[in-house]
Each structure stands twice: as structure tokens, then as C-alpha cells.
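My notes follow the order in which I looked things up.

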Amino acid sequence: MEKHEIVTPLGYLPDFQTFRQAINLSHSPCNCLSRQDYAASPNVVKMLEQYIQSFTTGSIDAHKEGSKHWIKDVGPIVESYIGFIESYRDPYGSRGEFEGFVAVVNKDMSAKFSQLVASAERLLPELPWPKEFEKDRFLKPDFTSLDVLTFAGSGIPAGINIPNYDDIRQTVGFKNVSLGNVLAVAYSTQKEKLTFLEEGDKDLYIKWRSPSFEVQVGLHELLGHGSGKLFVQDKHGKFNFEPNLVNPETGETVQSWYKHGETWDSKFSTVASSYEECRAECVGMYLCLNREVLKIFGHEGTDADDVIYVNWLTMVRAGVLGLEFYTPESQQWRQAHMQARFVILRVLLEAGQGFVTIRQTTGTDGKPDAIITLDRSKISTVGKTAIEEFLRKLQVYKSTADVESGRALYSRYSEVSDSEPERFLSLRETVLLRKEARKMFVQANTRVEADGDVQFLNYEATAAGLIQSFVERFPEDDEELEWNLQELCRSDLPYWNNV
């Protein structure tokens, strides 16, 4: 199995000591009470107070209030967030999985993201929907590049737009986070292990994969998740849009909207997470064609052309690789992002004109293989038009709470069949045959010494190192933790008997 280690820059560690003193949630949420004296500002104190209420009473409203204070804590050197956050793993797409992270700011890359934030109000009008479907006021977020010290959860993302409460994102704001040291290792690969690309594309892909993904993550998080208006009728019957507004997809006045108490997740339910990730990915692809954006990240001339090509090629390849996360027996997708990328692949294949092709073949080892081609000369024409039309539909259906049209559109592109010419079910078998071993992330720990100094603990990039890291993360209650994990395992066992 491939093993990689995330290394956190040591130069930032003194800042972590302050954080370690400020908040320690490893044993009880009430430990926040004793940490408030170390809070950097009254705003952080209020945030901790709301966290305490949420974690001791189960109040979602309290966590939402704490998240509002967290948003207002702009530009900290050490960043953290905790709670029931992502709903990807919930079959109903609504219940959040508990997670928390601690990370330190990468100041150089954060400066580029700050430039992107400053350009956001000029870039938003370029998105392919009428201005009435965009937020009345863009709430400029805190956008930083972070190097993860600890990420506690079932997975480590490359970028995050949080909080996930869409009503807060619409009215108060949000924070964007790009996890730089995750990007550095999560998408690295060796040329001989790079699947489904033509030989002529492999060197280019390896060279520009990380730089292009930095651009995509920045646009995805800031202008993807950060864009678009929801049409709402409040409890007093007042609308936040003009009643005679025309729906560009129907040519008629808007017929649907979110009523008081309804949210994006409650309306679109099981499809909401993947649909939104797809919309954000499309925004990234669409706006990466903008030369101003590429210049912010230091890419000009032929380098900028290569970044665009590799970004689009990466998305097409990701759509193919995503087939691993489709279950034919239940006809269900198991991962929101992978479904989103497959949908985009289908959109680009449907565009025709030889823009994207997938050719199933036999590899040099005699086993089934496939080759992806993307005509880079048609990205700004055929490709842009296809994404533009699809993205406008995604946004209009989201804005107007048109669940029926949104689900029908997304379900159609999510279908996986073995019909010609792509034969996706057969291609899925090839993907499983050729898949690279899943990477393991070995996370560092810190330990506060008796004299108050913070010790940085690093581990080998092996399975043993991963286990040692986890064990040493909970030195004071390891026996209780092990007992709890065993109990959880036993209680879940009946659900795994037929797997």
C-alpha cells in the first residue's frame, strides 16, 4: 500500500502552544470553561460558550451561533473547527458526522487566496446565470491555506467551505480553507502508476496536477460554494426576490421557492451534497478559463494554458475513477464528490464533437485498460459551452427550490449503464482492476511538557506509524477509548454480516 506522511511546517509550532492552552476538547466539552481565560478575543469566548452549550445539550442552534462567532474570528494563525459537520456519509444526506481539525496558516499561499477574494466581486458576474440569481451582497470570507496538524474524522478533505449551514452562508458569511499539505501528497503519483492517460499527457499531468488543483480548490470553495442565491419566503410572507422575475430555463415567472423553515438540504435531501459539489466543481472549471484568476496564482502564457488543460483533464479522469464508488447492485453512489465528477464527465461526453473520448483497450500486460483523450483546442468553445449550460441549470433549480427538475437532471447524468459507446459498467471493472492503493495519512501529534514547551511528535509513514500516532494522541484515556471503540464495533457488527 502507498504510504505518505503529512508534514506540518515546524516554524508555526509556537503558535500552537497558545491554542493548546486555549481549548482542549479531548475529554469533555466543559473543559472549554477553563480555557476561556486564554481566548484571543471576546468573540472567541462567545464561540466557546456556544460550543459548551451545544456539546452538553445537543443544541444545533447553539452550534450555529458558535459558528457565527467563528466566522468573525478573521485571520487567526492557528485555525480550528469542530462539530457535526459533513453529511456525505449519511444515506439521507442530512445528519452530520462529528469531526474536528487543528491547522496552521501557510502565509504565502494565503496571500494568493486573499487576492482571489479581493477579485471575487469582479468574477461573480461572469458566472452563467442572471444577476438576480446571485446573492444581493457577496460576503467576503476569510480564505486561508492551512497545513493540517490534526484532522479527526473519517476522511481528510483538500478544501473546505464552512460552516455547512446554508442559511448562515447566505446571510452571515463563511470561511474558505485550502489544506495545502493534504494537496501536496493526496494527489501525487508516479508516472508508471498513472492510469488511463495517453503517454504524451502523463508528464504534463504530473507537472501541473498540484498547481492546477490549487486553482480549482480556490475557485470551488470561494466562488463555487460561495455563490448563488436561494429564493426565500420568510415567516411574514415577504420574498427576497421580485415576484415577476423570469426563470431563464422556462421563460416564465418563478413558480417555486423556499418557504419559511425549508433549507437546501431539507428540500433536495439525498441528492443535495453531491449536487452542490458538482455545482462548485463546474464553477471552478468555468472560471479557471479566466486569465485574471490564473495570474493571481502565478500562471501566465503557455503555463496558464497547461494549467487549464490539466485541470479539465483531471476532472475528466476523476469522473472515470469515480466509478469505483458506484454500487451496481443497489444502483447507488457512495461518495458525493465522485458522483459529481462522473456527472461532469457525462456532460462533457454529451457535448460531442470529439471533445472527450474514452477508448477501452487492452494494456501491455494483457489486461483490460482504457485511454482518455481531451481535445484541448476545444476547451474554450465546446467545453465551456457545455459547462455553462449545465451550470446555469444547476443554479436555477437550486435558487428556485425546483426539486423535481433538479433531481431529474442530476439523476439522468448519474446513471451508470453498459450501453454503447462508453459501457460504464464494464469500464468500472477496469477501474477496480487498475486502481492505485489507497494512501494513508500519518498525522503528527504535539505534547505539552512540564515547563510549558510544546513538543512536536512525528511518525514513520507506515501502518505502524499511523497506529502509534493514534495511540499517542489519547495517552490519558487510552483504555477507556479502546473500550468505547470495541463497543461501537460490537454494536455495528450485525449490520456487516452480509457485506
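**Entry 1: two helices in contact.** I began with α10 and α14. From α10, Y275, E276, C278, R279, C282, V283, M285 and Y286 meet K384, I387, E388, F390, L391, K393, L394, Q395, Y397 and K398 of α14. I count contact as heavy atoms within 4.5 Å. Helices here are DSSP runs of H or I with at least four residues, strands are runs of E with at least two, and both are numbered from the N terminus.

The model is predicted, so I kept its limits in view: local features need pLDDT of at least 70, side-chain atom pairs count only at pLDDT 80 or more, and totals for chains, interfaces and linings use all residues. Residues are numbered from 1 along each chain as its sequence is written, and side-chain values use heavy atoms, with hydrogens and water left out.

Next I took the geometry. The axes of α10 and α14 (residues 379–399) come within 10 Å and cross at roughly 140°. Axes are lines fitted to C-alpha atoms, for helices over the stretch in contact, with angles from 0 to 180 degrees between N-to-C directions. The two helices are therefore oblique to each other. The scale is: under 35 degrees roughly parallel, over 145 roughly antiparallel, 65 to 115 roughly perpendicular, the rest oblique. α10 passes α14 in a left-handed crossing. Left-handed means that the near helix is turned anticlockwise from the far one by less than a right angle; clockwise is right-handed.

**Entry 2: R279.** I stayed in α10 (residues 272–287), where R279 sits. Is R279 buried or exposed? R279 is buried, because its relative accessible area is 0%. The cut-offs are under 20% for buried, over 50% for exposed and partly exposed in between, with a 1.4 Å probe and protein chains only. The R279 side chain makes a polar contact with the side chain of Q395 at 2.7 Å. Such a contact is a pair of N or O atoms within 3.5 Å; within protein, one must be able to donate a hydrogen and the other to accept it, and residues adjacent in sequence count only if both atoms are side-chain atoms. Not counting residues up to four places away in sequence, R279 touches residues including W129, H225, L391 and K398.

**Entry 3: α12 against α14.** I then followed α14 to another helix. α12 (residues 301–321) packs on α14 at an angle of about 45°, with the axes 13 Å apart. The pair is therefore oblique. The crossing of α12 and α14 is left-handed. I308, Y309 and W312 of α12 make the contact with I379, G383, K384 and I387 of α14.

**Entry 4: the open sheet.** I traced five strands in the order β2-β3-β4-β6-β5, with mixed pairing. β2 (78–86) and β5 (159–162) stand at the edges with a single partner strand each, so one side of each has no neighbour in the sheet. Strands pair if DSSP finds at least two bridges between them. β3 (residues 97–105) and β4 (residues 142–152) pair in the antiparallel sense over six bridges. A103 stands opposite V148 in β4.

**Entry 5: a hairpin.** Last, I checked β12 (residues 445–448) and β13 (residues 454–457), which pair in the antiparallel sense over four bridges. T446 has F456 in β13 as its bridge partner. Five residues lie between the strands of this hairpin, and G452 in the turn has a positive phi of about 95°.
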